[in-house]
Amino acid sequence: MNRVILCTGGYDHTIKFWESSTCLCRRTIQYPDSQVNVMCITPTKQYLSVGGNPHVKLYDINGNDSTPVTSFNGHSNNVTAMGFQNDMRWMFTSSEDKTVKIWDLRGKGTTRILTNSTGVNTAELHPNQSELISGDQNGNIVLWDIGKEQKVETLVPDGKVPIRSLSLSKDGSTLVAVNNSGKCFVWGVDEEGDNLKNKQSQNQQQQQQKQQQSQQTQTKGSNINEEKKTETETENEQEKENEIEIEKENKQENVQQSTTKQRMVSREKSRFKLKATINAHETYILKCLISPNSKLIATTSADKTIKVWNLDDQFSLSQTLTGHTRWVWSCVFSHDSNYLISVSSDHVARLWDLQKGETVIHYSGHHKALTSIALCDY
């Protein structure tokens, strides 16, 4: 049986490690530099990465030393999100300083910087490990090519309303985003470029075939004209007039077809297809998360509630979890998707049984707002 790693952090400048089943705190790390904004457990389960303002620090999960193993300095404002490449070669961090940084975990330095036009509130690494999606203060959702350090596509679902949180399903086929107006957006996501390239190749082949047919037709037409030298000049003039009219019609049709093709390609280029817009909460949504089994979406809000939505049932509301007395900042699903743990400004973390819709364990011990949680139970 794998040991469960459960950590919470917030504005009291501490990180606490909990025994998940007994709610006992087994270890506390002081984080004096700032509040804890975000935490992430490495794929190897060896380290806990912590983002504050503006530092990023790595702690040994299995040790007792409160000194970080290493620190990553380079941001100039709050760190808002982080994650790791599968093989632990690098990690990414996003920040309100308008950047997403890629850090080489072997060389302890930044290898790439994705520069945004405004503060980045959230970011998610695509399962293909070569792309990243960010959400910013101006309401933009940006798909980045990490290797090229370039924007691939930008979505603006609700004007300049800030995007607060993003979540990608494990297979990368579904993207969820939430914003400060309480809306939740759900997109289907296509794989990179392959389908579009195939369609463009097919279109090029069809165009070449049409050109060849046209050339053959023109050749036949010229031969026929040579054989019809005995026809009257009037008939020839009429034929020329007809040909001119046909050419005009063909040009008009080609322009219409070209315009239509351009519109089709423009639509085909987007890898995101909006499936739903949900008026999920009446105020700020602070976190959204797709469950590991890709059947549920959880949204946490300043309205003190957590709502759970069905991905398989037309995004209907499954349940509303109530009990927190202040803003609910974040949450995490258990690996089997049957449980959810939330953290709140009321200083408490709660373990919810989603089948019962009830809190089964309270994790109490912090004395200021809790804003971050990390869990590994597999």
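Let's start with Trp327, which is partly exposed, at a relative accessible area of 34%.

Residues are numbered from 1 along each chain as its sequence is written, and side-chain values use heavy atoms, leaving out hydrogens and water.

pLDDT is the predictor's confidence in each residue, from 0 to 100. The protein has a mean of 86, and 79% of its residues reach 70 or more. Over residues 193–201, though, the pLDDT is below 50. Residues 219–267 also stay under 50. Where pLDDT is low, the predicted coordinates should not be read in detail.

Now, the rings. How many aromatic pairs are there? The count comes to 5. The rule is that rings of Phe, Tyr and Trp (its six-membered ring) pair if their centres lie within 6.5 Å; planes under 30 degrees apart are stacked, over 60 edge-to-face, and the rest tilted.

Take Phe72 and Trp103: their ring centres are 5.4 Å apart and their planes meet at 65 degrees, so this pair is edge-to-face. Phe72 sits in strand S7 (residues 70–72) and Trp103 in strand S10 (residues 99–104), so the pair ties together parts 31 residues apart in sequence. Strands here are DSSP runs (E, at least two residues), numbered from the N terminus. Are these two residues buried or exposed? Both Phe72 and Trp103 are buried.

Back to Trp327 and Trp329: with centres 5.5 Å apart and planes at 45 degrees, the pair is tilted. Ring pairs also bring in Tyr284, linking Tyr284, Trp327 and Trp329 into a cluster.

Last stop, Asp336. You'll find Asp336 in the loop between strand S25 (328–333) and strand S26 (339–344). Asp336 is partly exposed, with a relative accessible area of 43%. Its side chain makes a polar contact of 2.6 Å with the side chain of Ser334. A polar contact is a pair of N or O atoms within 3.5 Å; within protein, one must be able to donate a hydrogen and the other to accept it, and residues adjacent in sequence count only if both atoms are side-chain atoms.

Note on methods
Predicted model: local features only at pLDDT ≥ 70, side-chain atom pairs only at ≥ 80, totals over all residues. Contact = heavy atoms within 4.5 Å. Helix = DSSP H or I, 4+ residues; strand = E, 2+ residues; numbered from the N terminus. Buried < 20%, exposed > 50% of the residue type's maximum accessible area, 1.4 Å probe, protein only.
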